[in-house]
Every structure is written in structure tokens, then in C-alpha cells.
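Have a look at the sequence and the fold, then read on.

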Amino acid sequence: MKRRGMMTATLAAIPLIGMAAMTSAQPINDGELPALWDKWVAMWNGDLAMADLIMAPDYKLHMSPIGGSDLSGYAGAAGMAGWIGQLHAAINPFVFEVQVQPLFGDGMIAGRWLASGIYQGGFPGARAAPGTPVTFAGADFLRIENGKVAEYWLSADQLDLLSQLEIMG
């Protein structure tokens, strides 16, 4: 597996709980993964058209949404673009920056990021005033199939964000 510019351990050694069984997907050349990651970062930075290019129509999302709602609203490229668009409306500018260069290999990507911006209002229950700066970190784990994101595991510090928005405590 390659980490931009260096050799590292394989992602196959990192257990991903709940990973769906591999299908008869076409293998991806691991050399194509950095370009897909760049599109992923562009999407999270507001280029919502990227969702149609990189998200499999039936991708599987693994996360615990704030408020505990079901994940059906995030389905498909339109759901992903809608979710990101809502974040950009509530936190603007919304800046998604890579903290640690991602790991690429075995058709998977693992990347650590930091999101920041200025809260504009709109989160239910938030007592933070519009204009409040917010920053939170997370990691994305992507399984690529047929050149698109087939599964997405999100691990974000939601408690930190909720605290900054004065939703808790």
C-alpha cells in the first residue's frame, strides 16, 4: 500500500467492522486511489457535482448521525450532495482539510481530516450564536468498487462539534 510518497502497511490489516462482503466488482488500480481522494476532498469542500462522479448509486454509509435519524436521507449521490450542502449552509465557509496524508491500498482509502468554519445557525437545539467559529476532526474510510465509493465509514468527533454549538452541556 502506498501513502503518498512512501510505502506503508496494507489497509487489509485494519479491521473494518461491518464491512460488506466483496462482490464481483472490477478491481481498481491502487494508483487511481489518490485521484479519487482528491475528488472526495473537493466534494467535501463544496464541489457537489463530484458526488455524481465518485459515489456508487447504492453506496453504503456507516455512521451514527447527529440526532440518531436513519440514513436513508443520505442515499445515493443526491443524498451525499444534499448532506454536504446542508453542512455548508450551517457552517460557512466549510473547509475540509487533510490533516494526515491518506493511506491507499487494496481498493481502500483511509484519511484523517479537520473541518472548520463559521457557524451560520440552523442546527436544532444549538445555543451558539451565528458567527461562532467551529472546528472538528474525523477520519474517513472508503471502499472503492468499479472506480466509485461503494462503502463509507465516518468517524467524526461529533461530541466536540456539539459542544462548540452548545447543544450539550
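Strand β5 (residues 108–119) has nine of its 12 residues buried, so it is largely enclosed by the rest of the structure. Buried here means under 20% relative accessible area, with exposed over 50% and partly exposed in between (1.4 Å probe, protein chains only). Keep in mind that this is a predicted model, where local features need pLDDT of at least 70, side-chain atom pairs count only at pLDDT 80 or more, and totals for chains, interfaces and linings use all residues. Residues are numbered from 1 along each chain as its sequence is written, and side-chain values use heavy atoms, leaving out hydrogens and water.

**Partners of β5**
- Strands pair if DSSP finds at least two bridges between them.
- Strand β4 (residues 91–105) runs antiparallel to β5, and 10 bridges join the two.
- F96 has A115 in β5 as its bridge partner.
- Two residues sit between the strands in the β4 and β5 hairpin, where D106 takes a positive phi near 55°.
- With strand β6 (residues 133–145), β5 pairs in the antiparallel sense over 11 bridges.
- Opposite W113 you'll find G138 in β6.

**The whole chain**
- You get four helices and seven strands, as DSSP runs numbered from the N terminus (helices: H or I, at least four residues; strands: E, at least two).
- Starting at the N terminus, the order is β-β-α-α-β-α-β-β-β-β-α.
- Of the chain's 169 residues, 41% count as buried.
- Among contacts (heavy atoms within 4.5 Å) with a separation of 6 or more, 66% come from residues 24 or more positions apart.
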